[in-house]
Amino acid sequence: MENQFLVDSGNLSPEALEKKHKLETDPSFRTDHMEYMPGMEQIQSDVCTRVMEQMNAYDSSQYTARDVRVALEHETCSVEDFKALLSPAAEPFLELMAQRARIETSKHFGNTVYLFTPLYIANYCENYCVYCGFNCYNHISRMKLTAEQLEKEMKVIADSGMEEILLLTGESREQSDVEYIGEACKLARKYFRMVGIEVYPVNTDEYRYLHECGADYVTVFQETYDTKRYEQLHLMGHKRVWPYRFDAQERALMAGMRGVAFSALLGLSDFRKDALASALHVYYLQRKYPHAEMSLSCPRLRPIINNEKINPLDVHEKQLCQIICAYRIFLPYVGITVSSRESSAFRNGIVKIAATKVSAGVSTGIGDHESKYSGKESDDRQGDEQFEIADGRSLTKMYRDITDEGLQPVLNDYLYV
């Protein structure tokens, strides 16, 4: 299982190839993934301990049909109930779970579905994450948008009607430093009502700076909460430090960010344990920061450049639907995002049950929105994509499809005074 994700490295030097081989085959050559690197802020928090105790003790096979029925009968879903709803024993109850999830969604979110689009502003990366198209050893076209290119891309997206944007980079402080990301946030604030960032984790003072530049919320994928599996998949770079990544959302909240989003990349490890840990991460932080807006994403693995064999191990659409319904029942107030990694048919269905936010007009490449939206070839060089998407609908098409499903698309619900 460990080496299934390895990709074509292209024209690496003999020295780089030798280092890559050692990272892949010799665990002693890698740094300690639980040890902080210089400059990484450590905070005092018990959230990680509480989440990991619950996840490590979770045995999904011990739950029975009776446990699932009891969980669905309870008005409020406890942690133990949630564990039962994630278990294999709950699969025959998927229709009942969907009915309960639909009720909770309607109660707290009404008939609405929020729309946003991601904008990848750079794909340089210093990490070796073996499942990611941006990883530093993958032979792809690299690019970072200039201020002029950023504005051009943002104007194209804003002209389509979009009012919320998520800015993303590869994880390279050298190529995409905090100041660069901050300037992108300032520019985005000119064109959009909501600005999110999905970048490498940073310290509290840096999150505070990015918030002052215009960022409203922070998304961080933990990828997997399984520390042993995490070590096998993240072989080099700052992302290798598991605990620093875990605490990223709390540092962002300490810095004043209005919202934070969480996710495991389902299919990297035991998806039931990862789903449990993701939700508990939200659950415990909700109790420490009750004012904050929190959301969960539910991504599965997708193919990447130079490796077409990546698949979400054992996580099929039925299991994904089960996870999302369980999330909604356990965390009724939390937003749930389903990205363009999933098919249009799945997304059309899940927004009627539990999901509250979807992306539209998506590209995971760099600098290609002008050509994608206008149909004209851009003069700018384009950077390669992070992964393949499954749903490429435009904002107009997505808006129409959501309306046809009897739902109300929402582009923005914030007023700044």
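**Figure 1. Helices α5 and α13 are oblique to each other.** Angles under 35 degrees count as roughly parallel, over 145 as roughly antiparallel, 65 to 115 as roughly perpendicular and the rest as oblique. The model is predicted: local features need pLDDT of at least 70 and side-chain atom pairs count only at pLDDT 80 or more, while totals for chains, interfaces and linings use all residues. Residues are numbered from 1 along each chain as its sequence is written, and side-chain values use heavy atoms, with hydrogens and water left out. The axes of α5 (residues 94–109) and α13 come within 8 Å and cross at roughly 45° (lines fitted to C-alpha atoms, for helices over the stretch in contact; angles from 0 to 180 degrees between N-to-C directions). The crossing is left-handed (near helix turned anticlockwise from the far one by less than a right angle; right-handed if clockwise). On the α5 side, L94, M97, A98, R100, A101, E104, T105 and F109 take part in the contact (heavy atoms within 4.5 Å). On the α13 side, the contact involves K318, C321, Q322, C325, A326, R328 and I329. By class, the residues of this contact are 9 nonpolar, 2 polar and 4 charged (Ala, Val, Leu, Ile, Met, Phe, Trp, Tyr, Cys and Pro are nonpolar; Asp, Glu, Lys and Arg charged; the others, Gly among them, polar).

**Figure 2. H316 lies in the loop between β8 and α13.** The loop runs between strand β8 (293–297) and helix α13 (317–330) (DSSP runs numbered from the N terminus: helices H or I, at least four residues; strands E, at least two). H316 has a relative accessible area of 49% and is partly exposed (buried is under 20%, exposed over 50%, partly exposed in between; 1.4 Å probe, protein chains only). R300 is 16 residues from H316 along the chain, and the C-alpha atoms of the two are separated by 9.0 Å.

**Figure 3. Helix α4 runs roughly antiparallel to α12.** The axes of α4 (residues 79–86) and α12 cross at roughly 150° and come within 10 Å. That angle makes α4 roughly antiparallel to α12, and their crossing is right-handed. From α4, the residues in contact are V79, F82, K83 and L86. From α12, they are R272, A275, L276, A279, L280 and Y283. The contact has 8 nonpolar and 2 charged residues, with no polar ones.

**Figure 4. Helices α2 and α12 make a right-handed crossing.** The axes of α2 (residues 47–57) and α12 come within 9 Å, and the crossing angle is roughly 145°. V47, R50, V51, Q54, M55 and N56 are the α2 residues of the contact. In α12 they meet K273, L276, A277, L280, H281, Y284, L285 and K288. This contact divides into 8 nonpolar, 3 polar and 3 charged residues.

**Figure 5. The largest nonpolar core has 134 residues.** Such a core is a set of buried Ala, Val, Leu, Ile, Met, Phe, Trp, Tyr and Cys residues joined through side-chain atoms within 4.5 Å. Helix α12 (residues 271–288) supplies the largest share of this core, 10 residues. L167 and I197 have the most contacts inside the core. Leaving aside neighbours within four places in sequence, L167 is in contact with L119, I121, M154, A184, C185, A188, V195, G196, I197, E198 and V199. In the protein chain as a whole, 59% of the 417 residues count as buried. The chain has 16 helices and 11 strands. Among its contacts between residues at least 6 apart in sequence, 76% join residues at least 24 apart.

Figure 6. K239 is in the loop between β6 (234–236) and α10 (242–246), and with 9% relative accessibility K239 counts as buried. E223 lies in strand β5 (residues 217–223) and is buried at 7% relative accessibility. Although E223 is not a glycine, its phi is positive, about 75°.

**Figure 7. N348 is buried in helix α14.** The helix spans residues 344–350, and the relative accessible area of N348 is 18%. Apart from neighbours within four places in sequence, N348 contacts R393, D401 and E405.
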